[in-house]
Amino acid sequence: MKELICPNCGKPLVVNEADYESIVSQVKTAELEAEVTRRVNIVKIEEQHRAQAELLKKENEITTLKAAAQVAQSEAIVREKGLKEQYEAKLKLAQEQVDYYKDLKTKMSTKMVGETLEIHCSTLFNQLLRPLMPNAYFEKDNDASGGSKGDFIFRDSDNGQEYISIMFEMKNEMDETATKHKNEDFFKKLDQDRREKHCEFAVLVSLLEPDSELYNGGIVDVSYKYDKMYVIRPQFFIPLITLLVQTSKKSIEYQRQLAIAKAQSIDVTNFENQLMDFKDKFANNYRLASEKFHKAIEEIDKSIDHLQKIKDALLGSENNLRLANDKAEALTIKKLTRGNPTMQAKFKEVHTDSSSDYAI
């Protein structure tokens, strides 16, 4: 039996073991369910807080991105407007130049149109570049001795060394001209003029083919057809000269170093040539001297052999003379007349005085 205390009246209650276990089980289950419910509610509340915080964070990020996108869009609009204004200004300037040249063309002959382009380029050079390059040469090409001539020649030097030279040809024509020329029609002549006048670059300043996107786009390099040749509109006349001058000036030091290297190479070559020449001449002189030396030795040997023969002959002659002298000294009348009674009688008759020298 188990005793339980009533929570309301405080009186004890006696229950059997089975009822007690049932009551305890019910209490535990109720408490467990209440605890689970409580904790589930806590988790739900926490999840809601986290979800709300994450949602607020995402909303803030979206707001920030939207603000940045509005700013970027505003900046893009401003840039677009600026570029549009710049383009429109350039377009307006280009149109004004076109209108200006068209107006000039309607008032001038074909010859005057070409001459006006030349004057325009000359004026640009003298106004903008002459103060920067006071010693540069920019003059009309008046030398037609080779059968042809360009329009202008530009040259500049640094410390007496020419580092750039350009042959210019200016081409334009009336809009009403029946036969329209192309820029390419003048490439061959321009290249020929460049070579005859010993210029490094060739530049065609042209208003021909006014609708060409290629030539209207800027500086056109046609070196794939003719070496170091460019085609430009008049507005690129000064920029191209400036570009070529800056590029060529950078090569001055390389040219100087190359000249020094070439000079050194020439000096070394001359030294080697002089050394080889000396060696050849020395070897030749040595050969001749050696041949003469051996010839002299041979002659000396021949002379020694000849003298030896003379010596032997002299020695033999001396021996014979000695023997002859010995025989002469041993010769007497007695020896001569020995065995010859007649000669003995004759000598006796001649030498009756019985001389001792002739005694028989």
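Where is the place of D191? In this predicted model, D191 belongs to helix 3, and with a relative accessibility of 9% the residue counts as buried, because the cut-off for burial is set at under 20%. When neighbours within four places in sequence are left aside, the contacts of D191 are made with Y226, D227 and M229.

The protein as a whole contains seven helices and eight strands, and of its 360 residues 21% are buried. The accessible surface amounts to about 26,500 Å², with carbon and sulfur atoms accounting for 57% of that area. Of the contacts between residues at least 6 apart in sequence, 55% connect residues that are at least 24 apart.

Six strands form an open sheet with mixed pairing, in which the strand order is 3-4-5-6-8-7. Its edges are formed by strand 3 (137–140) and strand 7 (220–221), each of which pairs on one side only. Strands of a sheet pair through backbone hydrogen bonds, in either a parallel or an antiparallel arrangement. Strand 3 runs antiparallel to strand 4 (residues 152–158), to which it is joined by four bridges; within this pairing, F138 stands opposite F154 of strand 4, and E139 has I153 of strand 4 as its bridge partner. Strand 4 is in turn paired with strand 5 in the antiparallel sense, over seven bridges, and here the bridge partner of R155 is S165 in strand 5. Strand 4 and strand 5 make up a hairpin with two residues between the strands, in which N159 adopts a positive phi near 55°.

Helix 3 (residues 187–196) lies across strand 5 (161–171), strand 6 (201–206) and strand 8 (229–232), and its direction makes an angle of about 150° with strand 5. Besides D191, the buried residues of this helix include F187, L190, D193 and R194. These residues lie on the same side of helix 3, because the arc that they cover around the axis is only 160°. Such an arrangement can be read against the geometry of an α-helix, which has 3.6 residues a turn, so that residues three or four places apart point the same way. The cover over the buried residues of helix 3 includes strand 5, strand 6, helix 4 (213–216) and strand 8. Just after helix 3, a positive phi of about 55° is found at H198.

In soluble globular proteins, nonpolar side chains tend to be buried together. The largest nonpolar core of the model has 28 residues, among which F125, F154, F168 and F237 touch the most other members. Two or more residues are given to this core by each of helix 2 (110–129), strand 4, strand 5, strand 6, strand 8 and helix 5 (237–330), and the greatest contribution, seven residues, comes from helix 5. For F168, with neighbours within four places in sequence left aside, the residues in contact are F138, G150, D151, F152, F154, L190, V203, V205, F237 and I241.

Terms used: Residues numbered from 1 in each chain as written. Predicted model: local features only at pLDDT ≥ 70, side-chain atom pairs only at ≥ 80, totals over all residues. Heavy atoms only, no water. Buried < 20%, exposed > 50% of the residue type's maximum accessible area, 1.4 Å probe, protein only. Contact = heavy atoms within 4.5 Å. Areas by Shrake-Rupley, 256 points an atom, 1.4 Å probe, with all protein chains shown as cover. Pairing = 2+ DSSP bridges. Axes fitted to C-alpha atoms, helices over the stretch in contact; angles between N-to-C directions. Core = buried A, V, L, I, M, F, W, Y, C linked by side-chain atoms within 4.5 Å. Arc of directions from axis to C-beta.
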